Amino acid sequence: MSHGCMSAMEPMTRAGALKSLADFLPKVATYQGERSYVRDGHPNVSGLSAALRFRLILEDEVVAQTLARYTLGNAEKWLQEVCWRRYWKGWLEQRPGVWTGWRERVGALRETLSPERAARAEAVAAGQSGVACMDAIARELVETGYLHNHARMWWASFWIHAERLPWELGADFFFRYLLDADSASNTLSWRWVAGLQTPGKTYLVRLSNVEKYGAGYLAGREEGRLRLADGAMAAAPVEESAEVGRTAVAEYPAELADGGGRVGLWLHSDDLLGEVGPLAALSVVAVAAGLSDGVDQKIYRLSERRRAVQRAAVGDGLERAAAHFGCGAAALAGDDLVAEMGDWAAREKLAEVVGFAPMVGPLGDLRPRLEAVLRRQGVRLRLVRRASDAVAFSFAGAGFFPFWQKMSRHLSQPHPL
Ligand SMILES: Cc1cc2nc3c(=O)[nH]c(=O)nc-3n(C[C@H](O)[C@H](O)[C@H](O)COP(=O)(O)OP(=O)(O)OC[C@H]3O[C@@H](n4cnc5c(N)ncnc54)[C@H](O)[C@@H]3O)c2cc1C
């Protein structure tokens, strides 16, 4: 499968994301019937996921532009998918232990997996499983950083249920290579395929389904395909490694008043749209963002391509913010983002740092240390959450369909970004 849509997004910019959305909107009319097919170049899906993940563009903007052109009923499947992302985000915000539990298991499995299983996992991820159509998917991921949703489902299912490899390590492979890699969408989709997310529901890849929707992967790649034959595979027994506790979503204000003193803006890769929404009207004297800090490389082992895309997206966010706030922007490129933020705050003589609340995931994990380091320097950290995120997250307590019932009613009403 060659890959067309993301290349239009590189380098990652807001202008590119808005153009991709405008180009895709006419195709929303046929999205429902077309979406599930994996077509060469992926013309039937938007390729917007990395831009949405870094928030070069907001889900709310996608929704608003869609509803300016279609009725909710005519665009329902498309709007549902855009909102799945928010559903997963909100679900994880209420269960941060699922994120930390996954990371701990990845670390533990790297130490404890038998050499034979570890070698098999490596071979499957390298596209050397012997099931040629699945191997094509693994190679596409490494080469392009993008996979169609159906290919993600098939391959995750193959890894878990045919190869009987730990889902946590498969999710880690995706997390390292996907350009849209996201703490919520990735972890929770893998859990869904494994049968953990919706108890009693496991996703099993079937050859007839790949033949119908992904014939391109099979063309000239017959080897090993019978391992996927309908009925050939049984669900692997997968258990929770820790109890999934539910907590209240952390609360943040939806807007901030000017606090007085010198204010710096912390821009980060969970939301690179500083100039749109609750921070836009503040008087900011300096902006800073971590380009692709050492944590991404050393702890998460993100691929070079993924980190390059993040650097490009952050660079675009910084440039827009500097122009909007009329101040200097610092791209922090070192290994320790928190220490660098402390140095930046001192250099800029800041009284406070403001920013979007980071989500559960790598940045959420950094927040307590950042807060402590700034506090020691006498600098206050004030974080906001977009009002529409707070609303969407509050709907995400249980399954997707109750979420969608509330969300679709909410979408029809105008609301601030
Ligand atoms: C095992 C697995 C892992 C995944 N990991 C990620 C990930 O790390 N990051 C990520 O953004 N998505 C992930 N997804 C969801 C989905 O596959 C991608 O969002 C989608 O394929 C991106 O392509 P697109 O932008 O062309 O999608 P489109 O079909 O054009 O959809 C538009 C937008 O809706 C959202 N969306 C669509 N489908 C889903 C979905 N099933 N779940 C959540 N959001 C969705 C995305 O933001 C996407 O950009 C994963 C799915 C699976 C099965």
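The legends below describe close-up views of a predicted model.

**View 1. The largest nonpolar core and the surroundings of W159.** The largest nonpolar core contains 115 residues. Within this core, the residues with the most contacts are W78, M134, W154, W155 and W159. Leaving aside residues up to four places away in sequence, W159 touches A121, V124, A125, R164, L165, P166, W167, L169, G170 and W190. In soluble globular proteins, nonpolar side chains tend to be buried together.

**View 2. Packing of helix α8 against helix α9.** Helix α8 spans residues 132-144, and helix α9 spans residues 149-162. The axes of α8 and α9 come within 10 Å and cross at roughly 115°. This crossing of α8 and α9 is left-handed. On the α8 side the contact is formed by M134, I137 and A138, and on the α9 side by A151, W154, W155 and F158. By class, the contact consists of 7 nonpolar residues, with no polar and no charged residues. M134, W154 and W155 of this contact are also among the residues with the most contacts inside the largest nonpolar core.

**View 3. Packing of helix α1 against helix α4.** Helix α1 covers residues 14-24 and helix α4 covers residues 59-67. Their axes come within 11 Å, with a crossing angle of roughly 30°. The crossing of α1 and α4 is right-handed. R14, L18 and L21 of α1 meet E61, V62 and Q65 of α4. The residues of this contact divide into 3 nonpolar, 1 polar and 2 charged. Two packed helices are described by the angle between their axes and the distance between the axes.

View 4. Y87 counts as buried because its relative accessibility is 4%. W88 is likewise buried, at 8% relative accessibility. A further pair is formed by W154 and Y217, whose ring centres are 6.4 Å apart; their planes lie at 90°, so this pair is edge-to-face. W154 belongs to helix α9 and Y217 to helix α13 (residues 215-218), so the pair ties together parts that are 63 residues apart in sequence. Relative accessibility is 0% for W154, which therefore counts as buried. Y217 also counts as buried, at 1%.

View 5. Ring pairs link W84, Y87, W88, F400, F401, F403 and W404 into a cluster. Q80 is located in helix α5 (residues 76-93). With a relative accessibility of 12%, Q80 counts as buried.

View 6. Most residues other than glycine have a negative phi. R55 is not a glycine, yet has a positive phi of about 55°. The loop that holds R55 runs between α3 (49-53) and α4. R55 counts as buried because its relative accessibility is 2%. K349, also not a glycine, has a positive phi of about 50°. Its place is in the loop between α16 (337-347) and β4 (352-356). K349 is exposed, with a relative accessible area of 64%.

View 7. E304 is found in helix α15, which covers residues 304-325. At 44% relative accessibility, E304 counts as partly exposed, since that class lies between the cut-offs of under 20% for buried and over 50% for exposed. E304 and Q413 are 109 residues apart along the chain, and their C-alpha atoms are separated by 41 Å.

Note on methods. Residues numbered from 1 in each chain as written. Predicted model: local features only at pLDDT ≥ 70, side-chain atom pairs only at ≥ 80, totals over all residues. Heavy atoms only, no water. Core = buried A, V, L, I, M, F, W, Y, C linked by side-chain atoms within 4.5 Å. Buried < 20%, exposed > 50% of the residue type's maximum accessible area, 1.4 Å probe, protein only. Contact = heavy atoms within 4.5 Å. Axes fitted to C-alpha atoms, helices over the stretch in contact; angles between N-to-C directions. Helix = DSSP H or I, 4+ residues; strand = E, 2+ residues; numbered from the N terminus. Left-handed = near helix turned anticlockwise from the far one by under 90°. Nonpolar A, V, L, I, M, F, W, Y, C, P; charged D, E, K, R; others polar. Phe/Tyr/Trp six-rings, centres within 6.5 Å; stacked < 30°, edge-to-face > 60°.
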